[in-house]
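Work through the exercises below with the structure in view. Each task is followed by its solution in steps.

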Amino acid sequence: MSKPAERKDSVWSLGEGAPEETEKRDDSQRSTLFIEKPQSGSVSVGGNITFIAKVEAKDLLRKPNVKWFKGKWMDLASKAGKHLQLKESFERHTKIHTFEMHIIQAKENYAGNYRCEVSYKDKFDSCSFDLEVTESSQAAPSIDIRSAFKRREIKQQEEEPEVDVWELLKNANPSEYEKIAFQYGITDLRGMLKRLKRMRREVKKSAAFAKGLDPAYQVDKGGKVRFMVELADPTVELKWYKNGQEIRPSAKYIFEHKGNQRILFINNCTMTDDARYYVTAGDEKCSTELFVRDPPILVTKGLEDTSTYVGERVELSCEVSEDDANVKWFKNGVELTNEPKSRYRIKVEGKKHTLIIEEAAKNDSATYSVMTTGGQSEAKLSVDLRPLKISLALEDQTVRLGQEIHLKCEISENVEGKWYKNGQLIEASDRVKLYHKGRIHRFVIASAAVDDEGEYMFVPDAYNINIPCKVHVVDPPKLHLDGLGEGNTVTVVAGNKLRLEIPITGEPTPKVMWSKGDKWITDSGRIRAETYPDSSCLVIDAAEREDSGPFRITLKNEAGEDTALINIKVVDVPDPPEAPNVTEVGEDWCIMTWDPPANDGGSPILGYFIERKKKQSSRWMRLNFELCKETTFEPKKMIEGVAYEVRVFAVNAVGISKPSMPSKSFVPLAVTSPPTLLTVDSVTDTSVTMKWRPPDHIGAAGLDGYVVEYCFEGNGFSQGISTDLSEELLEPPFNLEADEWIVANPELTDKTKFTINGLPTGSKILVRVKAVNAAGESEPRYHPQPILVKEVVEPPKIRLPRHLKQTYTRRVGETVNLVIPFQGRPRAKVSWQKNGSPIDKNQINIRNTENDTIIFIRKAERSHSGEYDMKVEVENLEDKATIDIQIVDRPGPPEIVTIEDVWGENVNLSWKPPKDDGNAAITGYTIQKADKKSMEWFTVMEHYHRTCATINELVIGNEYYFRIFAENMCGLSEDATMTKESALIAKDGKVYKYPVYDDFDFSERPLFTQPLVNTFAVAGYNATLNCSVRGNPKPKITWLKNKVVIMNDPKYRMFSNQGVCTLEIRKPSPYDGGTYTCRAVNELGEAEVDCKLEVKGGLSFFRLLMDGVPPHIIDSYMREVQANKTEGK
């Protein structure tokens, strides 16, 4: 059943009754909560006023709910702000809630009737008061407190009449509610719709009812309520209903007619009468709700103060005015619940309510209170301990070490307790056992230790009493020699301090005596004894070899005696060995030897440590971290050309000896390794040029230069020549005496290239090279084959780089630097032409060398674009190549831009491509628009490819200009072409007729846009052939070798992506050379493109290259071999 305080949108009125009933209700109901009501008042315009309401919280469990209203329905909580503030406070001493309503800078329209309502559960109170606002000469303009519900605009306040939002909502379609709320600034739309629903119901009732029922009525249980309606037509039949059931006249329900008034009395109201009622008159209906309030529950017999002992059962009882009433129990202000796991149990027997505590504890002492809707009662509960008596006290004990300690006591109460030793709390463990059975407490340690001696005490919980006793543990003396060596022998190094600590036990602490022979050792001197509670120390300062021998230690106490002999042995480190001898020196190593030391210090030599240092340094570095057992060692990783010294340490069980004297200084040094990659660079009729690489290892002695030697054919080296051209020879392939080699350079050369001049034409020579440094000459490096002294004409060949086989593009202002290698001997002649005319050397720089030519343009201009023809001539032979250079720049602006049509929010533009395309294809256009008022340009399209465009989503009523930039690979044009006229986007649009375009036919037969290029490949390395093709429908690609289709051959891989066709040949051999064709076929036709692939390399190629044969001769030889194979077939 709903409670009155929960119906936020209801307007309350009290049930009507007899005059005496009204007076009674005024005393018992209308003033049940307010102790101070807000009073009517007046304020001048622009002034402030405060209304105060106070509620006593003595009988309330929580804060009551308070609302402030203006008129009948306006809730002022949602209007709080600059002119209205609601505050509340609570005074803990007086237990009074204070609620305040502050009206700040009052306006004339603030005047009217106000109402304050307070509710708490089933209690309710209300008070009305008036506010009068008087005029003032300085009054501010009036502002309606309901202004949040009305739309106003400052600029049009005088022109537009005030709008009533209620009328708008009542007459509007429900789908327009949110739009109206947004337009007029309504935030609580849900609350307004509830009130609107009730208003519509009231408007509907007005047809049959001159006056309807109030929205709600309230009456006390057992009271009488009066419902009254006034009919517009007294002849209409009237029926009353309760929760949909018709009400018949009875002693409880009494009907009364007074003119046009129809009255229903309900006598002796009960909780079942709390329901919804409505009355019908013909087709009209009027409804209300009746809320019946229970009378307050009174405490007829209060709680009584109680005292008890811990563990006793406690019952706190009270009686109330009603059976089975709702009663709450509290402990020190905290509510107690009747949950199963709670220590507190609540028992209800009719009007009697009892709080039960089965076993009271000390912490149950508190103030307990009981509270009902009409009163409360409290009492204090005091829980104390019972007096404690000691039945059996603890007794002092003396036990031997290892025996059981058993302490026992008995007290009069069955309570827990704690054990203490020397004031420290004892916790139960595997060694310490604590037992509690009834009133008996026991403490047990199975095996007593020395640390267990002390004062013990048992303290019962919650009692200020303790039971003490003492435990004494005794033990005979004993020496613990487990840490000593075999035969109780202790070894000490001579000169060191010996501190021998012997653990001892015994209770009480035994007396300790040390002696050596017949001499007792005192507690002072170089040899002395030190005694501690748990140990005894023999101390020898700066041990000497004479201190060796047996020492006796004796322990005595009242429980017995113990003695033992300890042997002391004094040893020393060995003497240093003699200075070592270095017997052999290498590139970064040496071999050293030495003799053992004369005295080993009384302990066998275990090994040696070796150290070295540079002669000019004082820092020694250890060479071995594991002992060297021999008297020979080989130090390594030394630096060539640096002087070193070495020394030795002897090691025994005691330690490391002093170092030996350093050896004589020595210097590691070695010749370099032979030169590498000795090959023939060039050959003329009278000279041979050789080149090589430096040795792999030079060493610290450095490299002074090279010696080049040669000998002629006919000196006996034609037999046994190596045929493996890939190996580099360190041994000569023939037998020659040393004087048969001729030195080509009397003075050393530091270059890796040397020309042997003055050789007879047609002779054959063998060449070798040696590297020379301070250590001498290295092993020679031999050329594997004789070299023919004869110049051979090498046909010219231009090796055009791959990126120059296509158009070479650069932007204006950039640098052009092209290097084109070529070959040709002797004395190749290079010439250049541009577009068939000689090159102007003032604009373009040309530099030629023996192996390449360079064309250089510092700052490129568009006039430098064109075809450059290169020609290389050697005697009557020549080779040509063409390079296409394109210098590009940003394009000019498009030609005339025209506004073709304007319709709706759209504009159709067209233009012509620019006259100057910057020497590059136009890639697109950028279109911008500008409002005629601001002339600020905004980009609407970028990278647009066509020469006509439609601009959409323009603002109606604005007038626009347009401009267009052209774009190529260099970027946008510097200037843009703007429309001469502007386009006005008219408000009245017109229908745009879209032009009819014929579908474009994209069909195309295959066409190769990039042909195949003749290619050279190296045997053993993958080669690729590339071309590009276009066509629609997409053509089918087929690859052919020598006019034979390539199918299912794992040696070839074929790719096609976006029109780029690739054929990959895996690790080709000379056999894979030939003519390759790419064929593209679709339904409109076919196209072919081919190229030649030449595979160079293989065993023959490398043999000739290692033999020193120039590449052009190898190329000619390979062509002849291929031609012979073709003729043979």
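**Exercise 1.** Which residue in strand 28 does S307 stand opposite?

*Solution.* This is a predicted model, where local features need pLDDT of at least 70, side-chain atom pairs count only at pLDDT 80 or more, and totals for chains, interfaces and linings use all residues. Residues are numbered from 1 along each chain as its sequence is written, and side-chain values use heavy atoms, without hydrogens and water.

Step 1. Strands are DSSP runs of E with at least two residues, numbered from the N terminus. Two of them pair if DSSP finds at least two bridges between them.

Step 2. Strand 21 and strand 28 (residues 376-384) run parallel and are joined by 4 bridges.

Step 3. The residue opposite S307 is S382.

**Exercise 2.** Find the strand order of the open sheet of 5 strands and its edge strands.

*Solution.* Step 1. The order is 21-28-27-23-24, and the pairing is mixed.

Step 2. Strand 21 (306-309) and strand 24 (334-336) each pair on one side only, as the edge strands.

**Exercise 3.** Describe the salt bridge between E611 and R647.

*Solution.* Step 1. A salt bridge is a side-chain nitrogen of Lys or Arg within 4 Å of a carboxyl oxygen of Asp or Glu. For E611 and R647, the N to O distance is 2.8 Å.

Step 2. E611 belongs to strand 48 (residues 605-614) and R647 to strand 51 (residues 644-652), so the pair ties together parts 36 residues apart in sequence.

Step 3. Both E611 and R647 are buried, meaning under 20% relative accessible area with a 1.4 Å probe, protein chains only.

Terms used: Buried means under 20% relative accessible area, exposed over 50%, partly exposed in between (1.4 Å probe, protein chains only).
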